[in-house]
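Morning, everyone. Please bring the model up on your screens. I'll go through an interface and then a sheet.

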Amino acid sequence: MAKKLLVIDDSAAIRQSITYILQQDGYETVEAIDGLDGLQKLDSADRFDCIITDVNMPNMDGITFIRKARENPKFKFVPILVLTTESQGTKMNEGKEAGATGWIVKPFSADKLLAVVKKVAE
Amino acid sequence: MIDKFRETFREEAEELLSQLEDVLLELETRPDDVELINAAFRAVHTIKGSAGMFGFEKAGRFTHDLENLLDACRSGLRAVDSRVIDLSLRARDKIRAMLAEADSSAPFDEEAQALMAEFRAAVEDGSQLSPPPGSGKAGSVKAGSVKAGSGTVGATSLSAGSGHGSSGADTGRTATMQPEATQTGADKPGFKAGTDETYRIVFEPAPEIFMNGTKVLKLIEELAELGTLSVVPAVEAIPPMDLLDPERCYVSWNAVLTTSSGINAIRDVFIFVEGASRVVIEHLDIPDEDGGRQKRVGEMLLERGLVRPEDLGEALKSQKRLGEVLLENKLLKPSDLESVLAEQAHIKHAQEHQHDTGAMSVRVASVKLDQLVDLVGEMVTLQARLTSSTSTLGDTTLSGIAEQLERLVSQLRDNAMSVRMLPIGSTFNKFRRVVRDLSSELGKDVELLTEGAETELDKTVIERLNDPLVHIIRNSLDHGVESPDDRRAAGKPPKGTVCLKASHSGAHVVIQVSDDGKGLDMDAIRRKATERGLIAPGEILSDADAGLLIFRAGFSTAVSVTSVSGRGVGMDVVKREIDSLGGTVSVETSAGVGSTISLQIPLTLAIIEGLLVRIADEHFVLPLSSVEACIELPDDAGQTSNGSRLLSYRGDLLPYVELRDAFAIQGTVPGFRQVVVVNSQEHKIGFVVDAVIGDYQTVIKPLGRMFKDVSGISGATILGDGTVALIIDFNRLAHSARAAQARSA
Amino acid sequence: MASKNIVQRIQLEKISGIDGVTDLARRIRDALANSNRIEFDLSAVVELELPAIQLLYAAAQSAVAAGGEASFAGPVQESVAARLLVTGFSKSLVRDGQVLQSRLPGFGAPGGRS
């Protein structure tokens, strides 16, 4: 069964390139444009094997999203990766405190993305 | 691949930049509006984060310093003033221009460089002088100095930017470049990559590690993928059910890893858990095989602080093994002892292999190697004669030389033997073809996986393993792996796998052939064995014993005789060949899941650890690995009425063979004799000899063609005094003894 | 209440990870309340994660403390056998549940020291 991932980012370019890379590698993907949209996608899905979320987003940021997602028993333990840039050491820690499993540093290559996803989601 | 989203990004950035413009203009009128500052930061941050991914590295780097400035405003370190807004607007136009440029690799133009210097200067002047907006914490003195100096300091700052410009810009750049440098460092293996290094790794997961979705075992598996891993989990901390919180982690690991990927690759494995979990990575020096000495267990326990020196001293006084004593007295956790032992074994292995890589190699005809081993064998013999002669002469100078020579010769012997060792992988490749041809012939889809191809074995052993392995693999394909249809029906993938695996285990190599087929049908095997008279009706056999029945002559459970597995010949040949190599065969099977046949083979045939025995004036050698015990021949032992010879041994009746009779040796029989008890093909048997002399490491010399058919002898060796000792083929002797017994019964 | 000597068999899920661990813990506690002999069936398991492995060890301890034992039955899938080996829990690749118990050092030994 293909692994199913939720990709949350307000940037269409980032979102689409991530889903493109993942789909090329056989993953199933669902996109969300911000944290709120992400929560709705969680409600309407039975499972996700991994969630990738940006931090800075309008409406609901990634940190709040992770906190809320972890409150949902279905996604209490799902691996969550935070998209971050290297300048954001504090955001990285905030993400971890909120319950993220790991992070992906932007900019990233397709290989790097897949390596990190494999690391936590398989 | 990401290039196709370049246009999407450009459009998105365009939109963000026009938003940024609006936001900045609004900020000018409401500089304290936190929401507006956040929005500006977010826009810049998004562009910065993504630009590099879509081929706009230059715009990305340029935006980095602007982002820092806006971040300083956002976190209250700097006030939003007209300078910030002016700079941001100019930067916005510059970014736009950069995104329109086709070539992202061109250097920054003067305008861009000046802007970047100004961003940095603006952060600095803000952080030094401006009190955080809305925070009353800044002291009055500071507040005063702001008022007084805000204009001039801004100017000095700028002049510093142009005057000592290089230094200021450089510091700024180093600071921002650093994380990138570590990033690339983590991507590429460390500078030591390429050569094998050994590390000790302690991993103590945080108790709440499961809560963020971390899969702990995955991390250990990732470590294992980096190289050769010896790992021991400490399970002692797992409490009983009534005290256990199932969402808490109790297990920690001690590992030793030999890898060529470098320490950064190891750090990368734990990158997401470091901090909350304890991860210690230490480089271990592997001493040279000849130079350094292996550390003792006690030493290692002390070094790691696992035992107290006084406890160790006390424990060492005991006759028992150190580890046992410490465990018995609860001075040491079992997993700690296990991890120290694992580390010791790992280092020994790494030591043996550390010169493997990168060395030059020379091709030599194998005949020459055989000659070398032969000559070394002669030398070992001659050397032993020299030693015994010098001891009778009593000349101290001469015995000194003899002793030195003895050491040299034994090193030479080990060396010569190691030269003949070959990785077993060379034969593995042949089997690919076998599997390919056979699966198409049988209409099956089977893949061959191999593991441990680098495992080394004596060349002659490898050659003799070829036929048995072909038989086993054929058998797996024919009787084990099902047809694609059957597999689908059983809910398995249509493609079957046969896995060929070799690994070291002490002085042996274990070779396993496993398939994911239907497994051995134990009932069918028992039925067939009864039909063929191989077992008595109603005889109860364990599954392991029943599995071994397939290696008996004339056994086949396939309903129809296929061209592949033939008429039940094959597997019995396997057993015979492995026996003659001094190895053992075992079978593990599980209905519907598959079976595994394991062969345990001695590393070399050329040298054996033997037990030297004497009958009259003749010497014989028995392979030590099969010897179970040496006992006195009891007076009451003797021939029973039906001719079979039995004596009582540990409450059982043990059949025995008079070697004196078997080899027709003349001479008077001494009153006191000994019996060597050996394990032969799952049976015990005793051999009566006049005297047991002791351990004897020996070089085997093959017998000439004339002696090819002599039963009961598998080779010869030359003793220290120049006489010949024959090596007993005890399996053959035991077999004929059992046959004789069966006839007379 | 059922006899203390009747073996309670517990079948583990295909994916035995952190998600089902509370449920598995409850099933083991129920079984231990009825018997001191527990038999784990791993034949369906494809993914065995650490939280579930910890439960097996904890259950074995409790069963032994009550004068019984915890054992395994049925085949063990390759992925599970390989994982137990690679992560150091077992010392060899064990595909047969009946022998698994004897190949897991420390299984059933008292622990819980902190």
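Start with the contact between two chains. Chain B and chain C bury about 3000 Å² between them, and 62% of that is on carbon and sulfur atoms. Buried area is the accessible area, taken with a 1.4 Å probe, that two parts lose on being put together, summed over both. In chain B, L217(B), M241(B) and P246(B) lose the most area to chain C. Together they make up 24% of what that side buries.

Some housekeeping. This is a predicted model, where local features need pLDDT of at least 70 and side-chain atom pairs count only at pLDDT 80 or more, while totals for chains, interfaces and linings use all residues. Residues are numbered from 1 along each chain as its sequence is written, chains are lettered from A and ligands numbered from 1 in the order written, and side-chain values use heavy atoms, with hydrogens and water left out.

Back to the interface. 34 residues of chain B are in contact with 35 residues of chain C; contact means heavy atoms within 4.5 Å.

How many salt bridges cross between chain B and chain C? The rule finds two. It asks for a side-chain nitrogen of Lys or Arg within 4 Å of a carboxyl oxygen of Asp or Glu. Find K91(C) and E338(B): their side chains meet in a salt bridge, at 2.9 Å from N to O.

Which elements of chain B touch chain C? Those giving two or more residues are α8 (216-226), β2 (227-234), α13 (334-353) and β10 (584-590) of chain B. Helices (H or I, at least four residues) and strands (E, at least two) are DSSP runs, numbered from the N terminus. α8(B) gives the most, with six residues.

Now chain C itself. An open sheet of three strands has the order β1-β3-β5 (chain C), with parallel pairing. Two strands pair if DSSP finds at least two bridges between them. The edge strands, β1 (8-11) and β5 (69-73) of chain C, each pair on one side only. Five bridges join β3 (residues 37-41) of chain C to β5(C). Look for D41(C): this residue stands opposite A73(C) in β5(C).

Next, the helices. α1 (residues 21-34) of chain C lies across β1 and β3 of chain C, running at about 170° to β1(C). Axes are lines fitted to C-alpha atoms, for helices over the stretch in contact, and angles run from 0 to 180 degrees between N-to-C directions. α2 (residues 50-65) of chain C packs on the sheet, touching β3 and β5 of chain C. The direction of α2(C) makes about 130° with that of β5(C).
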